[in-house]
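Student: I would like to go through this model one question at a time. Please show the sequence and structure before we start.

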Amino acid sequence: MSTNGTGPTIVLDGEKVAFTPGETVYEAATRHGKDIPTLCYDPRLEPFGGCRLCVVEVEGARAPVASCTARCQAGMEVRTRSARVEVHRRTLMEMLASENREVDVDELTSLASQEMTELVDRYEARTGRFQGRKSGASRPDDPNPFIMRDYDNCISCYRCVRVCAEQEGDYAISVKGRGFDTQITVEFDGHLKESACTFCGQCVHTCPTGALGDLKALAHREVPGDTKKTRTVCPYCGVGCSVDLLTRGNQLIGVHPAMDGPANLGALCVKGQFAFDFVQHPDRLAHPLVRGEDGELHEAGWDEALDRAAEGFLRVRERYGRHAVYGVASGRAPHEAAYTMQKFIRGGFGTNHIDNCSRA
Amino acid sequence: MTDQGATHDRSARRMTDQEILARWNEEPGPLLPVLHAFHARDGYLSEDAIRAVSQGLRIPLADLYGTITFYHHFARVPGGLDCPRVCTGPVCVQEGALGLLRELAPEGATGMPCSGRCDDPVPVLRGHLTLAGRSAAELVARPAPLPPPALDGAAECVFRTIREPGHATLPGYRRDGGYEGLACAVREMTPTQVIEAIDRSGLAGRGGAGFPTGRKWRAVAEADGTPKSIVCNADEGEPGCFKDRALMDYDPHAVIEGMIASGYATGAHRGFIYLRYEYPETEDILAEAIREAEDAGILGPSVMGSGFAFDLHIRRGAGAYICGEETSLLNSMEGKHPFPRNRPPFPVTHGFEDLPTVVNNVETLASVPHILALGAEWYAGLGMNGHAGTKVISLSGDILRPGNYEVPMGFPLERLLYDWAGGPSEGRTIQAVTMAGLSGGFLAGDDLFVTLDEPAIRARKSFLGAGGIMVFDDSRDMVEVAHAAMEFFAHESCGKCFPCRIGTQRLTERLAGEAGPDAVVAWVDEVADIGYTMKETSACGLGTAAPLITESLMRYFPEAVSRHVTARGALPMAGRGSGGPHGTEP
């Protein structure tokens, strides 16, 4: 591992590595290829220090320290995978497995939903030790169509609470009670719809256990086939949030925010996150329609429909001039269609009267 | 500007929402006093009140709601404040608390964790009044006990003058030499000289952590950022600890004098006493003492004519043990969810409102006037075997004369138990004692012949901490005692870090016989593994200390543990439900 020779260094598992002042041990270690387990960490949020899985041994410290909150100090000697910390990690994972109803979670539940399951497997923590009362009470009574609130699977990492406050600025989610009776809630224990929630889905996709789930995606869990992810940009507005469309076969089954999307860093709004039903909606037009002499719309072939449309456009342009045409592209259309539309209006008519309904 | 006046002041009953909010809005740390004002006015915190506070103080509603539910004593149903709350701490349970709770059940009584009156059980809070008695008929409002007289002519520091009549008033305090040390400090000493005097005295934090007080003050004096603050940690939540209550009730001016001296030494012009909810009478006493000091020019724009300004505010907690942890306390004062903060940075640089802050325990601050008046060398010389100063021990449980005893550091525990406090009752022997309230676990057997100082007690895998010692004689079931202790920790675990949140619960269930292996070896294995991970990975002292209970139980009482584990399944553990006597909902 290279160091720049002049900057401060720490000794990471016996190897001298450089760090940037202010960097946490977890960040430096991850940057240098260490795979330190954690469940409360989300790189977008302030370090929290709740799960304690990321504890590492630091030479001279009495007890292991949480690497997510400890800052690197020059000369620090850090052991990320010593027997001692691995013992604690396994115990912690066994304790977590003991408080939840289940540890196998459908991957459609959310982007981060496999984190807990993966660590349970990695530490072979399904031992059945530490049995006792389960924590968290689910809210199957919440009628909202987007977010599943299955707190039986909650481990109180508060990523949902923190992402809502720190990333989204909604402060809709909070922590009720304390200790083992801690419960994720909203104001006065109500439903999300009556709360400050904007259904952006941020909480869902940072949840590492599947306690919060994407109901729209989960509704498609019976669709056969492998899930394919396609990176694209959300067309709903001008921000340009990156999303991964989930498809099985020819069917769109869900949307995941892209954590590496330069405009959104994993953030989305309710529309970008959940409003994709129209794509495969049965009411959607599947054939061109042309209005007949009887005043009703009738199914037609593409040639007939396009000729009819062209005829209308030309008539308008002849009578009122090229600036009489104004094109508005739909935010529900793909970007390629929006681009073509713009070409059509600018190049075809010779007017700049082109807009998009997403120009928020 | 003064904001004294107990938060349960009855004049608040006539105030409108807007008046309450306007009254506190410009004050530092307004949330707790505002909530207490609404709570007192309405007898509970209604949804409308919470909405008004959310709007008035610009705190997101969900956040505020969650924070309110964190505290044990904010009632959420009409009339909740007036329902009796009965102490179900370890000593009170042995003194009839559960019977009292049943007696008062028709009035909507609920339990509350140890409320710091183990020398005069059983305390019951009714509204803002503390009653005490072992049955409903006996309940009476009376002042909490004075410390018993010192024996053997032992030299004392904080209790030196506390038993003088009228000492809690300003004239009484001055008659006994009070404020002379401060006068000397602000008129004749530089702040650096004050810090050096505290350094030389060897005074160290008496709340449990034992951090050298002079070093803490110097760190704040040298830290950048203003305004700086002095916070008196009076959130005496440790079960079996009631020394700070006695100090504040009978010597409030010593606490005030110590805080002003600390402010002078560090350049802080504001102070806060964070007082635990369960001491309403103490709040009145402190408020009155502050008023006296303000009227006499001891507090305010020019302390004793020195030109040094210092203002003092009281902030009342609302029932959360974790708020005795200094960073939780600071979050609580700031109106945030009272989770402990990650450290570093420490409060000396990033304390109240992220500015340099001294957080000192009541006893630490109350020692300062005596050190200033009688000299650092005098204080240092009070201890035994090279240890500096004294320590107040709150002694309770199965002992003839419970109470607060100020012992020289390094004093033999045996002499305190038998010579000073009279030993156990006739025909009984002492089976075990707790250390640091509950946080130090148990000492028993030969380890009862320990001296009362940190090195000696730490060598026995425990610690002196805040100095609460509860005594259990040979009639007590130590597994049941351990269960009640762990149930307390589970009840008070804040829920931030995994090892403590889950660990305290799992240990409670195992001590209750509700869950866990039936085989002794497997049971001990699980309990030891949970304890080891809690001790090494918990985020604050609650989680690292709680397993000392099970560790010491298994060390001293392995046969009792074996009997407990093998009996599981054979005997239903009636009344040992982990829901426990601390039920939060009224």
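Student: How many residues of chain B are in contact with chain A?
Tutor: The model is predicted, and this total uses all residues. Contact here is judged by C-beta atoms within 7 Å. On the chain A side 38 residues take part, and on the chain B side the number is 35.

Student: Which helix supplies the largest share of the side of chain B that touches chain A?
Tutor: Four helices of chain B each give at least two residues to that side: α4 (61–70), α19 (478–492), α20 (498–512) and α21 (520–537). The largest share is 9 residues, and the helix that provides it is α20(B).

Student: How many residues on that side of chain B are charged?
Tutor: The side of chain B that touches chain A has 14 nonpolar residues and 12 polar ones. The charged residues number 9.

Student: Which strands stand at the edges of the open sheet in chain B?
Tutor: The sheet has 4 strands, paired in parallel, in the order β7-β6-β5-β8 (chain B). A strand at the edge has a single partner, so one of its sides is left without a neighbour in the sheet. The edge strands are β7 (311–316) and β8 (357–361) of chain B.

Student: What is the bridge partner of N233(B)?
Tutor: Strand β5 of chain B covers residues 229–234, and its parallel pairing with β8(B) has 5 bridges. The partner of N233(B) lies in β8(B) and is N361(B).

Student: At what angle does helix α14 of chain B run to β6(B)?
Tutor: Helix α14(B), residues 326–333, lies across β5, β6 (270–275), β7 and β8 of chain B. Its direction relative to β6(B) is about 105°.

Student: Which strands does helix α15 of chain B touch?
Tutor: Helix α15(B), residues 362–374, packs on the sheet, and its direction makes about 95° with that of β8(B). The strands touched are β5 and β8 of chain B.

Student: Is α1(B) roughly parallel or antiparallel to α2(B)?
Tutor: The axes of α1 (residues 17–24) and α2 (residues 31–42) of chain B come within 9 Å and cross at roughly 155°. Angles over 145 degrees count as roughly antiparallel. Therefore α1(B) is, relative to α2(B), roughly antiparallel.

Student: Which residues of α2(B) meet α1(B)?
Tutor: The contact of these two helices has 7 nonpolar residues, with no polar and no charged ones. From α1(B) come I20(B), L21(B) and W24(B). Those in α2(B) are P33(B), V34(B), A37(B) and F38(B).

Methods: Residues are numbered from 1 along each chain as its sequence is written. Chains are lettered from A and ligands numbered from 1 in the order in which they are written. This is a predicted model: local features need pLDDT of at least 70, side-chain atom pairs count only at pLDDT 80 or more; totals for chains, interfaces and linings use all residues. Two residues are in contact if their C-beta atoms, placed from the backbone, lie within 7 Å. Ala, Val, Leu, Ile, Met, Phe, Trp, Tyr, Cys and Pro count as nonpolar, Asp, Glu, Lys and Arg as charged, and the others, Gly among them, as polar. Two strands pair if DSSP finds at least two bridges between them. Axes are lines fitted to C-alpha atoms, for helices over the stretch in contact, and angles run from 0 to 180 degrees between N-to-C directions. Angles under 35 degrees count as roughly parallel, over 145 as roughly antiparallel, 65 to 115 as roughly perpendicular and the rest as oblique.
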